[in-house]
Amino acid sequence: MQKNLTMKQLPDQERPYEKCLKKGAASLSDAELIGVIIRTGARGEKSTDLALRILSAGPDGLLNLIRMDTEDLMKIRGIGEVKAVQLKCVGELARRIASATRYRAMVGSDPETIAFYYMEQMRHETRETLMLAMFDRKNMLLDDMVLSVGTSNASMISPPEIFRAALLKHAEFVILLHNHPSGNPEPSKEDINVTFRIRDCGELLGIPLMDHIIIGDNCFFSFREQDILTRKGK
């Protein structure tokens, strides 16, 4: 029976390594890039064939590397623990590279740059995640933290936790962010109630809530841009 085909066993024109050296990594297809990482396919197939099956294992193509967990990847024939970990690390590295690039452009007074920075981190989450971002007087990010996972219900949010963290970081203002797994960033009534509650607490403590940004699928909603923060809460 034919064994797993390695890169060396492929004809020169089919070897992603050689193609990358001659034409650059940008010339490789998604399957070829993954093939370089996993190196071998399942028994009797090329690594690029296995890569194609990885890409088609879910509805998201390359995003499968981020949205599928190691257990899901290991259900694919030819993917063991080592390959699953390699693929998850590649997905996480790609996400961190994107965040590092976007961090330099982020300005606390510009909702678009903030949403752009957190987009890749939050839009793939399958549960609602509420985050707090803290900024200094120069509009630079001091730190961020996850406040809750699975709900943005006002009763589950602790203003003392938010502003205790802000005081420890000497933050001049704070911004709330959370994602909508549905991909639609339009705020719910509960989202608005949470925003008003935190805004009112911030005003009392002298640490204003500058914005609440909801992350959708490559889109966002800014309470500041929509002038909602100036409205009176119930």
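The legends below describe close-up views of a predicted model.

Residues are numbered from 1 along each chain as its sequence is written, and side-chain values rest on heavy atoms, with hydrogens and water left out. Because the model is predicted, local features need pLDDT of at least 70 and side-chain atom pairs count only at pLDDT 80 or more, whereas totals for chains, interfaces and linings use all residues.

View 1. Two strands are taken as paired if DSSP finds at least two bridges between them.

**View 2. Strand 3 (residues 173–179) is mostly covered.** Seven of its seven residues are buried, that is, under 20% relative accessible area, with exposed meaning over 50% and partly exposed in between (1.4 Å probe, protein chains only). In a regular strand the side chains alternate between the two faces of the sheet. Here Phe173, Ile175, Leu177 and Asn179 point one way, while Val174, Leu176 and His178 point the other way.

**View 3. Strand 3 pairs with strand 1 and with strand 4.** Strand 1 (residues 129–135) runs antiparallel to strand 3 and is joined to it by six bridges; Leu132 has Leu176 as its bridge partner, and Ala133 has Ile175. With strand 4 (residues 209–215), strand 3 pairs in the parallel sense, also over six bridges, and Ile175 stands opposite Asp211. Between strand 3 and strand 4 the chain passes through helix 9 (residues 189–205) in a right-handed β-α-β crossover, meaning that, with the strands pointing away from the viewer, the path from the first strand over the helix to the second runs clockwise.

**View 4. Helix 7 (residues 111–122) is largely enclosed by the rest of the structure, because nine of its twelve residues are buried.** Among the buried residues are Pro111, Ile114, Tyr117, Tyr118 and Met122. At its start, a side-chain oxygen of Asp110 comes to within 3.1 Å of the backbone nitrogen of Glu112.

Terms used
Helices (H or I, at least four residues) and strands (E, at least two) are DSSP runs, numbered from the N terminus. A polar contact is a pair of N or O atoms within 3.5 Å; within protein, one must be able to donate a hydrogen and the other to accept it, and residues adjacent in sequence count only if both atoms are side-chain atoms.
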